[in-house]
Amino acid sequence: MKNVLAIYEKEMKSYFVSPIAYVVLTVFLVISGYFFYNILSIFIERSMFAMMQSSQYGGPPPSIDVPALVTRNFFGVTSTVILFMLPMITMAVFADEKRRGTMELLMTSPITNLQVVLGKFLASLSFFVVMLIPTMLYMGLVVAYSTPRMPLGPLLSGYLGLLLLGGSLIALGVFISSLTENQIVAASITFGAFLILWVIDLSARSGGSTLQEVLSYLSVLNHFEDFAKGVIDTSSVLVYSSFIFFGLFLTYRSVESLRWRQ
Amino acid sequence: MIEVDHLTKRYGSVRAVENINFQVEKGEILGFLGPNGAGKTTTMRILTGFLPATEGTARICGFDVFEKPLEVKRRIGYLPEHPPLYTEMTVDSYLDFVAKIKGVDAAERKKRMEEVKSRVSIGEYSRTMVKNLSKGFKQRLGLAQALIHDPEVLILDEPTIGLDPNQIMEVRQLIKSLSGSHTIILSTHILPEVSMTCQRVVIISQGRIVAVDTPENLTRQHQGAEKVHLEVRGPESIVKEKIREIDGVLRIESTRLEGDGAFAFSVETELKKDIRSKIARKVVENGYDLLELRAMTMSLEEVFLQLTTKEEGVRGQ
């Protein structure tokens, strides 16, 4: 545990001394802020319009749940935006150590490869959490200005979903980073892999054949929708957990095999 | 302390090291000498547990490097050829990190860090970013990193490479000062380094050990003969004749020197027979001018060349 913590601390420090971290944080904030503003204004406009209509023609007041729609759509957009951001977080994780030759230091120190992999994974995940923290401000605004006060449940499940989805993507990205010593190569392959996951998800949703059903069940992004709606489905949690576990297992094997491939 | 037994490493069909055997006693400095690509780094990487051996075993402090890697890693400090540094860290935070992963107790960490920093005299750069250090200081930081957990065994891969002459002397002195309390293996392709720092030398060439001995013995054994260089003004053939009369002279060669009838003679004599005074007397008695006379011992450099190139040729004949 002490060793995992040592690696974790070192990784966190190295994130915040590199310009990449700040660039990623800023770009993510700008994009997510822009989307939040857009989503918010669209739904406010729509509800105003519906309200005007019902007061003009009589009838019951419109049943548009603006806070729920805003948070759900915001989580949906965020889950797509992170596909573009996470490769930049994971690309250096192992590739840079291999390029610098510091992998030799880690591998000749009295720590296990599993500890290295876990420390690095947890650090990347924490950086992702740091990325998400400012978006809680947006959600706070929605909660503060909603009457009746919107329930916090969907927000919690949404963030849990983002954490699980992000964890899965990071596990995959870290694995890809362990395969090369070139950060750009790692980032490109990771980005490509994420896009394929995304495309599989889109095509899986459209069809009804057995294959597509299987695909849609396996699609990491698809499972996120429930979380955004405020539903925590055990099977989805299980899919994400096994994805993370599998990714970390592959990373571990890949790091183990480094000494045989030298 | 270190036992290497029939160690072989192959990459596919390429043999990096072949059937290597040697032992290092506690407190000894062993030099690993060989040209580039001889298998020095491979052997060291196997000893540190970074690479697995194809065949054979290596034991450090009684622990097999393959079976008990963590026990071995706890007991060795390793400086790879390129010091493994995180350039975006400060010297202090780098050493702190290494101390943590090497398992130095939190209570002792500060003390150990100060100790190694003063040992490699890098103290005044504690807050400097590693990337702003000069090459020499990076190398020292690499050494500090290897020493931080006070390991019993030190494995140093080309510790003086890329340093300027002053720094080289400092690092060599540092290594010497570590012997006794530490068992050290260092690799190098610079010969004087071995004769200056090591008690024993393993000469390795093309993955095989060609000689193991003390630097002095190696020089003596592979010399075969001692040489005396002298310069005399006088008739070439007569001087040759006269010197040949002396007991113990094996061979004599001469070359004409520039100037008024002076010749240089290179006299090979039997081992451990110092006949310089006899030669001097002979020349002077015969009325010739003795301009220069000095004994030449073969340097380790020549021994090395003989072992790694010449003997290879002899074996092939």
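A: Start with chain B, for context. Among its contacts between residues at least 6 apart in sequence, 68% join residues at least 24 apart. The model is predicted. Chain B has eleven helices and 14 strands. Of its 317 residues, 40% count as buried.

One sheet of chain B can be traced strand by strand. Four strands form an open sheet, in the order β2-β1-β4-β5 of chain B, with antiparallel pairing. The edges are β2 (14-24) and β5 (63-64) of chain B, each of which pairs on one side only. Inside the sheet, β1 (residues 2-11) and β4 (residues 55-60) of chain B pair in the antiparallel sense over five bridges. B:Asp5 has B:Thr57 in β4(B) as its bridge partner.

Next, the meeting of the two chains. Chain A brings 19 residues into contact with 19 residues of chain B. On the chain A side, the elements that give two or more residues are α1 (2-17), α5 (102-107) and α11 (234-261) of chain A. The largest share, five residues, comes from α1(A). By class, the side of chain A that touches chain B divides into seven nonpolar, eight polar and four charged residues.

Now the helix packing in chain A. Two packed helices are described by the angle between their axes and the distance between the axes. Helix α6 (residues 113-144) of chain A packs with helix α2 (residues 19-57) of chain A at an angle of about 30 degrees, and the axes are 10 Å apart. That angle makes α2(A) roughly parallel to α6(A). The crossing of α2(A) past α6(A) is right-handed.

Which residues of α2(A) and α6(A) meet? From α2(A) come A:Ala21, A:Leu25, A:Phe28, A:Leu29, A:Ser32 and A:Phe36. From α6(A) come A:Phe127, A:Met131, A:Pro134, A:Thr135 and A:Tyr138. The residues of this contact of α2(A) with α6(A) divide into nine nonpolar, two polar and no charged.

Helix α3 (residues 66-90) of chain A also packs with α6(A), at an angle of about 155 degrees and with the axes 11 Å apart. The two helices, α3(A) and α6(A), are therefore roughly antiparallel to each other. Here too, α3(A) passes α6(A) in a right-handed crossing.

The α3(A) side of this contact consists of A:Pro67, A:Val70, A:Thr71, A:Phe74, A:Thr78, A:Ile89 and A:Thr90. They meet A:Ser124, A:Phe127, A:Phe128, A:Thr135, A:Tyr138, A:Met139 and A:Val142 in α6(A). By class, the contact of α3(A) with α6(A) has nine nonpolar, five polar and no charged residues. A:Phe127, A:Thr135 and A:Tyr138 of α6(A) take part in the contact with α2(A) and in the contact with α3(A).

One more residue of chain A deserves a look. A:Lys229 lies in helix α10 (residues 224-229) of chain A. Is A:Lys229 buried, exposed or partly exposed? A:Lys229 is partly exposed, because 17 other C-beta atoms lie within 10 Å. Leaving aside neighbours within four places in sequence, A:Lys229 is in contact with A:Arg72 and A:Pro154. A:Lys229 and A:Pro154 are 75 residues apart in sequence, but 6.3 Å apart in space, C-alpha to C-alpha.

Note on methods: Residues numbered from 1 in each chain as written. Chains lettered and ligands numbered in written order. Predicted model: local features only at pLDDT ≥ 70, side-chain atom pairs only at ≥ 80, totals over all residues. Axes fitted to C-alpha atoms, helices over the stretch in contact; angles between N-to-C directions. Parallel < 35°, antiparallel > 145°, perpendicular 65-115°, else oblique. Left-handed = near helix turned anticlockwise from the far one by under 90°. Contact = placed C-beta atoms within 7 Å. Nonpolar A, V, L, I, M, F, W, Y, C, P; charged D, E, K, R; others polar. Buried ≥ 20, exposed ≤ 12 C-beta atoms within 10 Å, placed from the backbone. Pairing = 2+ DSSP bridges.
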